[in-house]
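Hi,

Here is the structure I promised to pass on.

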Amino acid sequence: MAQEQLVETIRQAIAAAQRAGDLPAFEWDNEVPIDRPRQPEHGDFATPVAMKLAKAASAKPRDIAEAIIKHLGEGDLVTAAEIAGPGYINLRLNPAWLSNQVDEVLRKGAVYADLERGKGIRAQVEFVSANPTGPLTLGHARGAVLGDTLAAVLTAAGYEVTREYYFNNAGLQMESLGETLRIRYLELLGDYSQPLQDGKHYQGEYMHWIAATLFAFHGDSWRNKSVPEFKNLAVDTIFADIRNTLRRLSVEFDVYFNEDSLYHTGDVEDVIESLKEHEWLYFQDGAWWFKATSFGKDKDRVFVRSNGMPTYRVPDIAYHRNKLQRFDRIIDVLGADHKDAVPDVLDALRALEEDTSGISVLIHQFTTLIRDGEEVKMSTRRANYITIDELLDEVGADAVRYFMLALAPTTHQTFDINVAKSRKENENPVVYIQYAHARACGILDREAPKRGIAYDPAAPASTLTHEAEIHLINEMLRLREVIARIEEDLEPHRLAYYARELASAFNTFYDKCPVLRTDVPPDVQQARLKLTAAARIALARTLALMSMSAPEEIV
RNA sequence: GACCAUGUAGCUCAGUGGAUAGAGCGCUACCCUGCGGAGGUAGAGGCCGGAGGUUCGAGUCCCCCCAUGGUCGCCA
């Protein structure tokens, strides 16, 4: 909307200035840097484009800015354009245009900020992808929220999005899982002859629970069952638990992709054979090594072990090859502990002459839990860890969604349980944002009818000229810019910041611009009701993109 | 030791090579007790880890150093 139109207007102004001889002819990349300045006196938008062009045009930035402004032309979008500082062009949007946008928001509803740019593009977001060896822990929470939110934003940007979970339920790891359940089960039958081995078996409390449930339903009849049978039961139970946790987090996958299927289709074998064929693999010490050093890495990697089994990287490569056939844009959401595998996979894909330019990797750092100012210790290898379920029990899904999203993925997160649990507006941004929505609902659905005030959607919005009203409209429109930005740089935390700022703009409006008070003129009242209705849409949409609830009242 | 990331207000953190570096919390003062629970306004608080460089311009890019975290397996 506003930003896209402004950029286009400025491009045309530059071209017009060149045609008129007010600017010399020069080559440039057609990119117009533009942003919303922090200081309100700098306008609604500002661009340093004149400074950027100074070298190419061999002219002073302020002179270039003047030429651009001269050719901006007559439009209803901008009321004021002025040169400031070393050569900025500060632009102020026309209040009449802005108030018209309130009607636009109401007309379009929830999709008012959606984009078309992803239209027809198949995108995949792969995230969580935890193997079913135990419940999802704190370490998975951030990836789950980042991936799911990214998928929601890309959908809003017009993409056809698939949420995908990649898992492995075969191999040694799973064998150990089956053994663990068998050992725990036999313990319940009084058989302690096979102790759990540290580092091999799973120490977690949940294995006791699965064994106990098994015993409760089947008594000792599983005494002579095989390890694979125990494994299947463990996997099924744990996967059901994982899905339940994801459901509580409002995360729903379109596809669960089984690594094992890549062996059945021959895709894994294909990768190995193709790499061998082009001599990207060599045989040494009984194993097949990939020439990672040819891609600038410090050492080569084993791709096929001396026992003939491929290492995990190979099915990973086959999986990405499979993805490249199905999708145009691929995003892998990974924790910092898995990022080392990424270059090998990409290098191998390039060795196989695949185009990897559509693959992005979003790597996020870890989360530390703080309660009462002290770190809550956790370790997934031992029995001592924190599950997402426990966190959900304590702080609720909305808080987990918000706080896991709220930091840039590269930042190590400190998750303060006390803050997340608070139900006070001034302590917890989750409540602050949701309360803004509830306030809008309160005005429209409860207080206005109670006072006998009827909202007329046909009333004009043109009296919306108060600073707080203008600011709120600008903030509502900014959602579109936030979606566009996240689509570009894959940093969904911007949405959490935006939500806070949108709520703040609404609260300022709420404070400065009474809607229902008896001394408010009827036309102003109607316009403010309309703005409130639009703000409710914006707040609800923002919360929906984060999969947070938008309560109509706070009790 | 190598590689990757991080280091910004007392705390938790934003910050597209562009203006006087921002937000929330905490602190101080004020306004509103209303349309729904504390909301709003303002203020104090900064050597952007340190030192060089690149350029019209660096918190942002490059080099070196320091600190923190992650990874460095024929586990995934």
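The surface near RNA strand B is made up of 26 nonpolar, 22 polar and 18 charged residues (Ala, Val, Leu, Ile, Met, Phe, Trp, Tyr, Cys and Pro count as nonpolar, Asp, Glu, Lys and Arg as charged, the others, Gly among them, as polar). Among the elements that supply at least two residues each are α16 (429-450) and α18 (493-512) (helices are DSSP runs of H or I, at least four residues, numbered from the N terminus).

Keep in mind that this is a predicted model: local features need pLDDT of at least 70, side-chain atom pairs count only at 80 or more, and totals for chains, interfaces and linings use all residues. Residues are numbered from 1 along each chain as written, with chains lettered from A and ligands numbered from 1 in the order written.

On to the inside. The largest nonpolar core has 153 residues, and Ile68, Val153, Leu495, Phe506 and Leu539 touch the most other members. Such a core is a set of buried Ala, Val, Leu, Ile, Met, Phe, Trp, Tyr and Cys residues joined through C-beta atoms within 7 Å; buried means 20 or more other C-beta atoms within 10 Å of a residue's own. Helix α5 (residues 138-156) gives this core its largest share, eleven residues.

Helix α3 (residues 61-70) buries Pro61, Ile64, Ala65, Ala67 and Ile68. Those residues line one face of α3, because they fall within an arc of 160 degrees seen down its axis (taken from the directions from the axis to the C-beta atoms).

Cheers

Note on methods:
A residue is buried if 20 or more other C-beta atoms lie within 10 Å of its own, exposed if 12 or fewer, and partly exposed in between; C-beta atoms are placed from the backbone.
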